[in-house]
Amino acid sequence: MGVRPGACVVMLGGCGFVGRALARELHARGYRLRLLTRRPDRNRDLLVLPRLELWEGDVHDEGFLREAARGAQALVNLVGILKERAPGDFARVHEELPARMARSGRGLRLLQVSAAGADAASDSAYLRSKARGEARLRELAPDAIIVRPSVIYGPGDHFVDRFRRLLPWAPWGLPVPLAESPIAPVYVDDVASGIATALARTGAAGQGYGFCGPEILSLGDTVAAIATLCGRARPRGLSAPTSLLLARLLEYWPGTPFSVDQWRTLRAGSVCPEGAPGLPDLGVRPRPFREALEALVRGHA
Ligand SMILES: NC(=O)c1ccc[n+]([C@@H]2O[C@H](COP(=O)([O-])OP(=O)(O)OC[C@H]3O[C@@H](n4cnc5c(N)ncnc54)[C@H](OP(=O)(O)O)[C@@H]3O)[C@@H](O)[C@H]2O)c1
């Protein structure tokens with residue numbers, strides 16, 4: 001059964017970039033929301049939404065998850081990391097957490113946000129762990145819904161905003177690793193709309209959806225579009241071997257801005273398989289990148 005407006009939806013990772021857009025969307029559709037976070041003090045601005053509660057706690061603690069699931073009709077897991085701070089982080093966050101959600105939310109509607117390109121055979125530990133998490137969830141909860149987005153952009157994102165900030169540092173043209181990699185950037189509000197509809201739709205049980213924008217672009221063209229709108233020089237694409245060398249060097253840089261595993265993830269590309277169910281099957285027409293980007297960058301200007 002799909003969840004109806006008025007029902008309580010619990011969101012793990014709900015205070016992040018996608019979670020915030022989804023919280024606004026679900027709230028507008030009439031749901032009650034319970035957002036689990038380690039840092040409620042940093043997210044109090046969300047409390048302007050009257051039917052939203054912030055619960056402080058550790059989502060990896062099953063007792064806390066069971067308590068949070070009490071009285072709710074759905075659990076949505078948006079917790080994800082791009083790199084490991086310590087060995088085992090991918091397994092804990094991407095593999096074990098979906099299983100914890102399944103055990104804590106038995107009988108509830110469950111939705112897992114994975115990633116386009118998730119593949120148990122990938123040489124990227126990130127993509128392998130996302131695929132293993134999907135499999136763990138499916139074993140325990142065959143009716144769970146899984147969505148696999150490509151690169152998500154929108155206000156406050158980790159993509160357009162990052163390149164926009166980096167561009168002024170390279171007036172001769174920002175070097176872009178693996179510039180040929182294909183991506184299908186998808187706008188955050190389209191992702192939120194798709195998730196909200198999937199939660200409500202009875203027929204979505206057990207489905208997997210690829211959430212991609214309408215065009216496949218190369219990473220280099222995407223960054224070039226951002227540079228043009230910001231009035232910056234055209235970026236310079238780096239070949240695969242040069243980007244790998246850069247990743248090897250940056251692994252030792254404080255904060256690891258780009259790692260070898262991220263290089264492998266990028267090399268795999270981030271697109272949806274042709275013919276797979278996606279946003280249009282949920283009634284969402286994803287907006288074209290360049291149109292939405294213009295509004296986004298002008299908003300920053
Ligand atoms: N953004 C993209 O382009 C993109 C593309 C494909 C897939 N995805 C997937 O979509 C989901 C949401 O992405 P996002 O961009 O919204 O991520 P985000 O902004 O980084 O937010 C993720 C949230 O997860 C929680 N979190 C992070 N590490 C955690 C840990 N070790 N333990 C417990 N909680 C942790 C944080 O919540 P608190 O700090 O509030 O506790 C954080 O707000 C992720 O699963 C991501 O892999 C994103």
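Reader: How many nonpolar, polar and charged residues does the shell around the ligand have?

Author: Keep in mind that this is a predicted model. Sort the shell by class. There are 14 nonpolar residues, six polar ones and two charged ones.

Reader: Which residues come nearest to the ligand?

Author: The ligand has 22 residues around it, and G13, G16, V18, T37 and G80 come nearest. Next, look at where the shell comes from. Helix 1, residues 17–28, supplies its largest share, three residues.

Reader: Now the inside. Which residues touch the most other members of the largest nonpolar core?

Author: A nonpolar core joins buried nonpolar residues through C-beta atoms within 7 Å. The largest one here has 92 residues, and V9, M11, L111 and I195 touch the most other members. Helix 6, residues 188–200, gives the most to this core: eight residues.

Reader: What does V9 touch?

Author: Leave out residues up to four places away in sequence. V9 then touches V3, L26, Y31, L33, A72, Q73, A74, V76 and L199.

Reader: What share of the contacts with a separation of 6 or more joins residues 24 or more positions apart?

Author: In the protein, 75% of them. Buried residues make up 48% of the 301 residues.

Reader: Why does the radius of gyration agree with a compact globule?

Author: Compare two values. A compact globule of 301 residues would have a radius near 19 Å, and the protein has 19 Å, so the two agree. The C-alpha atoms fill a box of roughly 55 × 40 × 40 Å along the principal axes.

Reader: How many helices and strands are there?

Author: The protein has 10 helices and 13 strands.

Notes: Residues numbered from 1 in each chain as written. Predicted model: local features only at pLDDT ≥ 70, side-chain atom pairs only at ≥ 80, totals over all residues. Near = placed C-beta within 6 Å. Helix = DSSP H or I, 4+ residues; strand = E, 2+ residues; numbered from the N terminus. Nonpolar A, V, L, I, M, F, W, Y, C, P; charged D, E, K, R; others polar. Buried ≥ 20, exposed ≤ 12 C-beta atoms within 10 Å, placed from the backbone. Contact = placed C-beta atoms within 7 Å. Rg over C-alpha atoms; globule rule 2.2 N^0.38 Å.
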